[in-house]
Amino acid sequence: MVAFFRGKLAFAFKAVLLAGISALLVLLLISALGQKQYAIGIFLILVVIGLNFTYLTKVSIPLKFFYPGLIFLLGFVVAPIVFTLTMSTYNYKTGNYIGKTEAITQIQKLAIEPDASGSTFDIIVGKYNGTESAILASDTVKKQYFISTYDKRIDLNVTDIKVNEYQVATEASNFKALADAELAGADKLLSTSRFFYTSEFFIALEGFDVGALYRQKLNFLANQDAFQNIATGAIYKDNGKGNYANVDVPGEILEPGWRAPVWFENYSKLFLDPKVREPLIRVFIWTVVFAVSSVLTSFAFGLLLALALNKPIRGRRIYRSILILPYAMPSVMSILIWGGMFNTEFGAINQLLGTDIAWFQSVTFARVAVIVVNLWLGFPYFYLVSSGALQAIPSELNEAAAIDGASPRQIFSKITLPLLLRILSPLLIASFAFNFNNFNLIYLLTGGGPKSTLDGDIAGATDILISYTYQIAFGSFTQDLGLASAISVVIFLLVASISLYGIRKSKVLESFV
Amino acid sequence: MMKWLRENLWRHVVGIFMVLFAIFPLYLVVISSINPSGSLQVTSFIPREFSWKNYQMLFNDPTIPYLTWMKNSLVISVSVALLSVVISASSAFAFSRLKFKGKKSGIQLLLLIQMFPAILALSAVYVIMERVAVFAPHFGLGTQPGLLLVYLGGAMGVNIWLLKGFVDSIPAELDEAAKIDGASAMQTYWLIFVPLAAPVLAVVSLLSFIGTFNEFILARLFLVDMGSRTIAVGLQGFIGGQYSQNWGPFAAGSLIASVPIVIIFLSLQKYIISGLTAGSVKG
């Protein structure tokens, strides 16, 4: 066995494994670069170099142990965090999803208007002189016929063409119509093609039989990086925030925009823009209330149970094994089950209480329901840890106090509880941090509701920061990844400082216990 | 007798009350799952009829790919459980047993990174995997391997942290002895550490299994196709707010899915509690 780790076999095994993984990574790398995903490409290059460097040289032995874990951490935890930080300084939102060059193409494509009378032509798609894409167009009212390619128009006399019973030209010299099979293949190309009409107007296809007359409304001035409205002469310039805006009327912007750095605008919006700030404050307050009351209720009930079952009474084992069940159940399932139980019409809760409360339509009841469900999910944990902690308190302390004449109530409030709190405070803090981000509960139970989305306010009464952020990022109205990332960063700072405080407390504890 | 009442009555009152609270939803699921009407409405809290109809529906109704969901969940969770432990064990070993520069700051950095709740980086993960899908469609958004990679990354921090805690409690004498006998770090790792830590590795991989099985939001965001969903996403979409309609089969489905998790959990109770007291809370 030892020989295996030193022998040639081991080396061969290592070489094959390294070569295999490197080959796979290089393949990925090539296709990443091929698709212009440079950031991911560079990451993969570094991974491959690092991999071979780590395992083929003796540069660092610990690194050999860390490398695989390190790569996963970098790729799927650190990179997303860094990316979140970056996104939080961008206007990454609906209307600003694409890059700038793409946005320019899009604006040009969208900035067309039909001519005043809305002229249309009957057309046949085909080739001119055998090679050039072209249309044979007929204006059956004016009896005007012509062939149009991308860059020219060839007017035809009625004598040059054959028409059908609707006076639509079907054949012309030098023009060959496309067969149906060819049409299907050219679908995408044709739908974006512009056929020449005059220097101002062009014909765009609306299906394979009809073309309409359009003209470009905006002209891109590449040397000035600006758009000009051909009719009014208005100039639209890059406003530095991911849009071309009218120089005279800054609020008038061209759609779509592109991703552009807005630096701290997303952060300042959190504090300055009342439309963002007000729901955020509301949600924040509820988040704290929710997390605190969840921890306190779960702890209170758990502790009460632990105290009650702290003596070897009859049936203690049965109690214990049933009490732990809510904690052992997959929480996704239990939350969904509770969701059904709170149903207004058919739910078991209303039936049990003999009421017909619309739990998730009322702010107060929805909040109560959320906390009750979280109590159910959380009390077994505190029961278990409190039981453990109670046993860790030396019984001499209580006995001594009893001899000194302290009543059981005094013993509890003066000795047991303070000691328990000291032992459990890091867990209470950790539990607070966990509930602060208890996304599953809110999302699966109430979906953040009840909410009134009439005026575009997407924050519901039971939304906590994390579920609110999720809605901002992936909601059905508008999606604002930039703002969502900024809120994420703020939440992280909050939760990390709370957790660090908890850890420091537990360090202090280690020296005590 | 009076003394017994005074001493113990309140204990049983508290115990019974909490047991009822704890068991009520579970009892309800059980009776719903055998209720042939399959509706959310409980006509009576004591079942009068009994049928396997809801269970049969899960396995026979082609519109509910329950077995596929279950298989997906198991494949993903088992892969995460095994791979994440294989990958993170060596890092935990290095943190626990090797001496090197920057060890302390490395541990602190790991702790800090681990505190960034995965869900906060959700939009970033989404955009990154969207881009991966452009050049490697098999590993990007919407695929199980893509989800697996993200899960593995997410499991790293917690697992290294948990494993390090457990490993620190294994006495170091053995590997020191091996070192004196001239074993390299690699040899110590494979020949001494891995066999010694095997039970611990098993526990942590079971914990990852439970965590992954229970994960909802990433799976929901990643797996759009009905046939690629996990059990959590599948069942959620299945009732999808329409509690009244599919309640019976849903109850049966969530019972079947929960049983293995509950069994694993109960058998690992001791370790889970100690792992939790080490600073993390179950999701």
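Predicted model: local features only at pLDDT ≥ 70, side-chain atom pairs only at ≥ 80, totals over all residues.
Q: Which strands of the open sheet in chain A stand at the edges, and why is one side of each left without a neighbour?
A: The open sheet has four strands in chain A, in the order β12-β13-β14-β15, with antiparallel pairing. Each edge strand has a single partner strand, so one side of each lacks a neighbour in the sheet. The edge strands are β12 (218-221) and β15 (244-246) of chain A.

Q: What is the average twist from one strand to the next in the sheet β12-β13-β14-β15 of chain A?
A: This sheet is an open one with antiparallel pairing. Going from one strand to the next, the twist averages 30°.

Q: Which helix packs on that sheet, and what angle does its direction make with that of β12(A)?
A: Look for the helix that touches β12, β13 (226-229) and β15 of chain A. Helix α5 of chain A, residues 100-110, does this, and its direction makes with that of β12(A) an angle of about 150°.

Q: How many residues lie between β4(A) and β5(A) in their hairpin?
A: Strand β4 (residues 144-149) and strand β5 (residues 153-156) of chain A run antiparallel and are joined by four bridges. Within this pairing, A:Phe146 stands opposite A:Asp155. The number of residues between the two strands of the hairpin is three.

Q: Which helix of chain A gives the most to the side that touches chain B?
A: The contact involves 83 residues of chain A and 82 residues of chain B. The side of chain A that touches chain B divides into 61 nonpolar residues, 21 polar and one charged. With 18 residues, the top contributor from chain A is helix α4 (residues 61-87).

Q: How far apart are the C-alpha centres of domain 1 and domain 3 of chain A?
A: Chain A is divided into domain 1 (2-87), domain 2 (112-216) and domain 3 (271-512). Taking the centres of domain 1 and domain 3 of chain A, the separation is 41 Å.

Notes: Residues numbered from 1 in each chain as written. Chains lettered and ligands numbered in written order. Contact = placed C-beta atoms within 7 Å. Nonpolar A, V, L, I, M, F, W, Y, C, P; charged D, E, K, R; others polar. Domains from an automatic or database assignment. Pairing = 2+ DSSP bridges. Axes fitted to C-alpha atoms, helices over the stretch in contact; angles between N-to-C directions.
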